[in-house]
Amino acid sequence: MKTIQADARPEKGLFLQMFTRDLSLEDCILDLLDNSIDSLIKTRGINVSDALIPLGDNDAGDKPTEAIVKPAVIKVTYSTRHFEIEDNCGGISVKDATDEVFRFGHSKKAIVGQLGVYGIGLKRAIFKIGNDITIESKTKDQGFRMHITVPSWSKNPNWTLPLEVIGGTGDSNIAGTSISIKDFGPEVTERFTSGTFEGNLREMIARTYCLFLNRYVLVSLNGHEVEPLPIPLGESEYANVAKEEFEEHGVKVTLYAGLAGRDTSGEWRAIDAGWYVACNGRLVVVADRTVETGWGAGMPTFVPKYRGFVGLAFFYSMDPLLLPWKTTKQGLNQESLIFQRARTRMATIARPVLSFLDNMYSSQEIEHEAQRQVAAGIKPLDVRNLTEKPAVTFKAVAKPPSEVMVRVQYSAKQTELNRVRKSLGKSTWPATRIGRYTFDHYLKTECPE
Amino acid sequence: MSTTSKSALRVQFDLRPAKQVERRMLVDAFQRLAQAGFPIRDYKYTGFGSIHFVDFLIFHKLLGINDMLSVEHDPTLEGRVQFNRPFGRIDIQICEATDVIATLSRDQQHILWLDYDEPVTSTILNDVYLAGSQLSSGSILLITVDAEPPEKGSDDPHDTQRYFEREAAKYLGSVNISDFAKRNIPKTSRRVIMNALKEGMAGRTNLDYFPLFYFLYADGHTMMTAGGVIGSNVEKRKINSMNVDGAIYLRTKIGASPYEIKVPVLTRKERHLLDSAMPCPTGWQPSDFNIPIKDIDAYRDIYRFLPAYAELLL
């Protein structure tokens, strides 16, 4: 028997086209932000499981690190012709660039970051955005510059990229990477000019990195700083936040569930309700109300009465491949064992909160007073303040209802009212005052407490 | 069953002898588990005691379980439930079972008996799912449901199928219409319950469910109880070492057919005579009267567990 070898090499052009198909432009930009933050994590030795440690100045658990003193800066700018992301997150070493960063997929010996998982995010993002790509990165000691145009690169059968070695910055505080992309395809130009793109991207950055923003890193989008959008969990003296922790399959999982803080008009916004899931501090699911996080499977199907529910699931691992994220970092890998386990725990920790809401809305959409008062008192909190708290189930204690006021009204004959006035010697008192006075008199003399 | 002669042989519903046989068999099994190394006395028992607390009485008195919780979902019964609580150690919570399951301690081992008197519903399956996620290793889970055709007044399998598709769609798997025939309702109910349990146990890689019980009985309505131990290899070894001699009611294989609790109707005098010959050889008949062989066999299986009822004038 004779064995011959069939050609199974990827065709570059097709590969790039297929490879970039399944993610949105927003996801690409988030991938580039992941890369910058990963660089920061590596060069400054940040432990992402501390990303939730409280921010208090004198808190014993809060180790002041360089990052807290001076956050790194990532600037994202784009126009119809040019995209750029520039950071001072420490830069990529020439060795990493030569051996790892530009490979499709991590090699076995690679020391992976904590947000970059599969070793495809950067490549997929740059090839998706445009055809003229320049990457320049400098560490303190050394740097490189890489420039390609995709049409000519894809004609070349070699899978290598030209790196021009340049000097370093001499200062680790300004060491960093810039990626500049031009010559967009028509779809990308169309998205960049869309009226909603910037707002959408800003919100995604604000939510996805809400635990990193302003603490480790500042992100600006087209010159305007992105403020983090906090996870809308709240508590009060009458209702706590449930917490559960466990560690399995090399992943530490922390779950929280409780009620959302109400907005300025005293309402809950259904759009904020649901499960938030973070992997190593980066949000991969925001306000999910679908079967993906257990609604309709273990938990009831989401209905509007549950709009006060907020749950958080945090997954941490030093090996990001163990975490339940997908390559696009949007949504969850349903096959992940740790997620399958977590999902059943999420249903359990959510149950008392959902029961509270069931009771609150047991008759149509009218809020029951006891629960309404609990809900009205919920104050938004910084989820980073929850990390030190012990595991606990959700409990809401209904406040005793405040005194209900009833209006007492009746008609009386003018002549009889005047007789009372005369008896009291108060000829000028209006009828309401007479009414109040006589009521109080009866209460005092005939109804002692 | 609706002919007059047969009705005359039926016992009073409120005494529920088959249910009591089931309880006594559970006690028997728990005693065997205790012998095999399960610290049953230290388990927490959670059940639906209602106003009678029968299961609480026998688990406390015969197994020595002290830590007990009774769940009552009907708030109008609260006063009576509190009044009828037989021991001070029984904690009572007036809420849905669902809310209690989610708060059972994960540091403690439990016997949780979800003893419903209705057919399988989505709420019941959700409770089973939560129990699968919540119960610690070594805990015992029992689920009882009504296994009659669930749509009132209809034995039509198509109606039953529609009911199951409404209440249990995601746990049904592949089915055909015969799965909804009256005789197969217990099996189908058990299947969806087991699927909900497996789903709730998803990701608990070192844990498994080891079946022990699959009862069918009827003190009126046909009821089905499925139950077993949630545990690791440690529990598996203990279960394998359990003395099962004479424990004819155990069902440790997932594909096994149910153990049907059959209570023949006998008078007190007849029982005295039969008891003196128990356990009898197959085919034995009393000399004073004739009883169908199948009734003798049924009695031989359950006489140890069968209560004797008498009127007390208090």
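## The interface between the chains

Two residues are said to be in contact when heavy atoms of one lie within 4.5 Å of heavy atoms of the other. By this rule, 17 residues of chain B are in contact with 19 residues of chain A. The structure discussed here is a predicted model. The size of an interface is often given as the accessible area lost when the parts come together. For chain B and chain A, the buried area is about 1,500 Å², and carbon and sulfur atoms give 49% of this. On the side of chain B, the residues that lose the most area to chain A are B:Arg106, B:Tyr129 and B:Gly203, which together account for 29% of what that side buries.

A:Glu244 forms a salt bridge with B:Arg106, with 2.6 Å between the closest N and O atoms. Three helices of chain B, namely H5 (97-101), H6 (122-134) and H8 (185-200), each supply at least two residues of the side that touches chain A. The largest share, 5 residues, comes from H6(B). Sorted by class, this side of chain B has 8 polar, 5 charged and 4 nonpolar residues.

In soluble globular proteins, nonpolar side chains tend to be buried together. The largest nonpolar core of this model has 161 residues, and the members that touch the most others are A:Phe83, A:Ile129, A:Phe192, A:Leu259 and A:Phe315. Helix H9 (residues 337-360) of chain A gives the most to this core, contributing 12 residues.

What surrounds A:Phe83, once its neighbours within four places in sequence are left aside? Its contacts include A:Ile29, A:Leu32, A:Val76, A:Ile129, A:Ile181, A:Phe184 and A:Phe192. Also among them are A:Thr77, A:Tyr78 and A:Ser180. A second, separate core has 53 residues, including B:Ile65, B:Ile90, B:Ile140 and B:Tyr299.

## Buried aspartates

Is A:Asp272 buried or exposed? A:Asp272 has a relative accessible area of 14%, and it counts as buried because this value is under 20%. This residue is found in the loop between strand S11 (251-260) and strand S12 (274-279) of chain A. Its side chain makes a polar contact with the side chain of A:Arg269, at 2.9 Å. Leaving aside neighbours within four places in sequence, A:Asp272 is in contact with A:Arg207, A:Pro232, A:Ala287, A:Arg289 and A:Val310.

Two further aspartates are placed in helices. A:Asp27 is found in helix H2 (residues 25-44) of chain A and is buried, with a relative accessible area of 9%. Not counting residues up to four places away in sequence, A:Asp27 touches A:Met204, A:Thr328 and A:Gln330. The C-alpha atoms of A:Asp27 and A:Ala342 are separated by 25 Å, and these residues are 315 residues apart along the chain. In chain B, B:Asp28 is found in helix H2 (residues 17-35) and is buried at a relative accessible area of 10%. With neighbours within four places left aside, B:Asp28 is in contact with B:Tyr249, B:Arg304 and B:Phe305.

## An exposed asparagine

B:Asn240 is found in helix H9 (residues 233-240) of chain B. Its relative accessible area is 60%, so it counts as exposed, the cut-off being over 50%. From B:Asn240 to B:Thr252 the distance is 9.8 Å, C-alpha to C-alpha, and the two are 12 residues apart in sequence.

## Backbone features

Most residues other than glycine have a negative phi, and most peptide bonds are trans. Which residues does a cis peptide bond join in chain B? The bond lies between B:Met278 and B:Pro279, with omega about -10°. B:Pro279 lies in the loop between helix H10 (268-277) and helix H11 (293-302) of chain B.

In chain A, A:His249 has a positive phi, near 50°. This histidine is found in the loop between strand S10 (242-248) and S11, and A:His249 counts as partly exposed at 31% relative accessibility. A:Ala287 has a positive phi as well, near 45°. A:Ala287 is placed in strand S13 (residues 282-288) of chain A and counts as buried, at 9% relative accessibility. A:Ala287 is also one of the residues in contact with A:Asp272.

Conventions
Residues numbered from 1 in each chain as written. Chains lettered and ligands numbered in written order. Predicted model: local features only at pLDDT ≥ 70, side-chain atom pairs only at ≥ 80, totals over all residues. Heavy atoms only, no water. Buried area = accessible area lost by both parts, 1.4 Å probe. Salt bridge = Lys/Arg side-chain N within 4 Å of Asp/Glu carboxyl O. Helix = DSSP H or I, 4+ residues; strand = E, 2+ residues; numbered from the N terminus. Nonpolar A, V, L, I, M, F, W, Y, C, P; charged D, E, K, R; others polar. Core = buried A, V, L, I, M, F, W, Y, C linked by side-chain atoms within 4.5 Å. Buried < 20%, exposed > 50% of the residue type's maximum accessible area, 1.4 Å probe, protein only. Polar contact = N/O pair within 3.5 Å; in protein donor to acceptor, adjacent residues only side chain to side chain.
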